[in-house]
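User: I'd like to go through the labels on this one and hear what stands behind each. Can you take me through them?

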Amino acid sequence: MTHERERLRLKTWIFAVVVVFSNVFANFFLKRGMPPSLATPLEYITVLFHPWVSLGVLLMIVWMLSRMALLSWADLSYVVPVTAVGYVFVALVGKVLLNEQITMKRWAGIALIVAGVALVGGGSAPQTRPEPSP
Amino acid sequence: MRWLLIGIIVASTTAGEVLEAAGMRRHGEIRDFHPGAIGRAIAILARNRFVIAAVAAMAVSFFAYLGLLTIADLSFAVPATAVTYVLETVAAKYVLKEHVSWLRWVGASLVICGVVLVAL
């Protein structure tokens, strides 16, 4: 039983990392490729074919599929806070790759998110409901 | 207009993620990650009513979010949509019947405060 728990925990962490980084880089590429404004409904579609935006959308698909896989065994109340660590990496990517400023308030927020993720991710098993019998 | 869009985003994201979690848990744990097995899993999931509804809700959320980003700052959009964390944790307990321990409530609350601070 403990072996089974360890297996599930390791698998959960691998998938959480894929979910977080596909989301972070999807947002980064979308932000890089987005024009300053979208005027007509048609532009919402044509913008999807811009190379950076396409790459962002591709990563969004990776994000969605890996998240679906993760949710096939892990609780939603576990997945939601744990993958919120992506907010931290989005801020860091903004600072390093886009030269954005990170204020003290943002660092405080990042610290709170990390504390929350550590509580949920380190303190509880990813799955509390038994598998429904098929 | 922006509050209408935020309402649409929050409602459709929460509905989409709860439906996704319900659909995936009905499918059961995905164990095989060979390309063929992934293809078969996607084919099965494409007929899962919960998953179809979840994808539709998320498409609504995605386009509403694109619309919001054109009329509002990113620093306004992100904290406003963090409301979904609260709604999803409540839905996990009452709709999905997950056992949300006090540790998870505290953790989720810290995350919400952090997201608002980061994005304000």
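Analyst: Below, each label is set against its definition. This is a predicted model, in which local features need pLDDT of at least 70 and side-chain atom pairs count only at pLDDT 80 or more, while totals for chains, interfaces and linings use all residues. Residues are numbered from 1 along each chain as its sequence is written, chains are lettered from A and ligands numbered from 1 in the order in which they are written, and side-chain values use heavy atoms, with hydrogens and water left out.

User: What makes residues of chain B count as in contact with chain A, and how many are there?

Analyst: Contact means heavy atoms within 4.5 Å. By that rule, 44 residues of chain B are in contact with 47 residues of chain A. As for buried area (the accessible area, with a 1.4 Å probe, that two parts lose on being put together, summed over both), the two chains bury about 4,300 Å² between them, 68% of it on carbon and sulfur atoms. B:Arg25, B:Arg104 and B:Val118 supply 20% of the area that chain B buries against chain A, more than any other three residues.

User: Which residue pair shows what is called a salt bridge between B:Arg25 and chain A?

Analyst: The term needs a side-chain nitrogen of Lys or Arg within 4 Å of a carboxyl oxygen of Asp or Glu. B:Arg25 and A:Asp75 have their closest N and O atoms 3.4 Å apart, and that makes a salt bridge. B:Arg25 lies in helix 1 of chain B and A:Asp75 in the loop between helix 3 (51–71) and helix 4 (76–83) of chain A, so the pair joins two chains. Helices here are DSSP runs (H or I, at least four residues), numbered from the N terminus.

User: What else does A:Asp75 pair with?

Analyst: B:Arg104, in a salt bridge of 3.0 Å, N to O. B:Arg104 sits in helix 6 of chain B, so this pair joins two chains.

User: Why are these residues called buried?

Analyst: Buried means under 20% relative accessible area, exposed over 50%, and partly exposed in between (1.4 Å probe, protein chains only). B:Arg25 is at 4%, so it counts as buried. A:Asp75 is at 0%, so that one is buried too. B:Arg104, at 1%, is buried.

User: What about B:Glu29 and A:Arg7: buried or partly exposed?

Analyst: B:Glu29 has 12% relative accessibility, so it counts as buried. A:Arg7 has 28%, so it counts as partly exposed. Their closest N and O atoms are 3.3 Å apart, and they form a salt bridge. The pair crosses between chains, from the loop between helix 1 and helix 2 of chain B to helix 1 (residues 2–33) of chain A.

User: What makes the link from B:Glu29 to A:Lys11 a polar contact?

Analyst: A polar contact is a pair of N or O atoms within 3.5 Å; within protein, one must be able to donate a hydrogen and the other to accept it, and residues adjacent in sequence count only if both atoms are side-chain atoms. The side chains of B:Glu29 and A:Lys11 are joined by one of 2.6 Å. B:Glu29 also makes one with the side chain of B:Arg31, at 3.2 Å.

User: Why is A:Val80 called buried, and what does it touch?

Analyst: A:Val80 has a relative accessible area of 5%, so it is buried. A:Val80 is found in helix 4 of chain A. Not counting residues up to four places away in sequence, A:Val80 touches B:Glu17, B:Tyr85 and B:Glu88.
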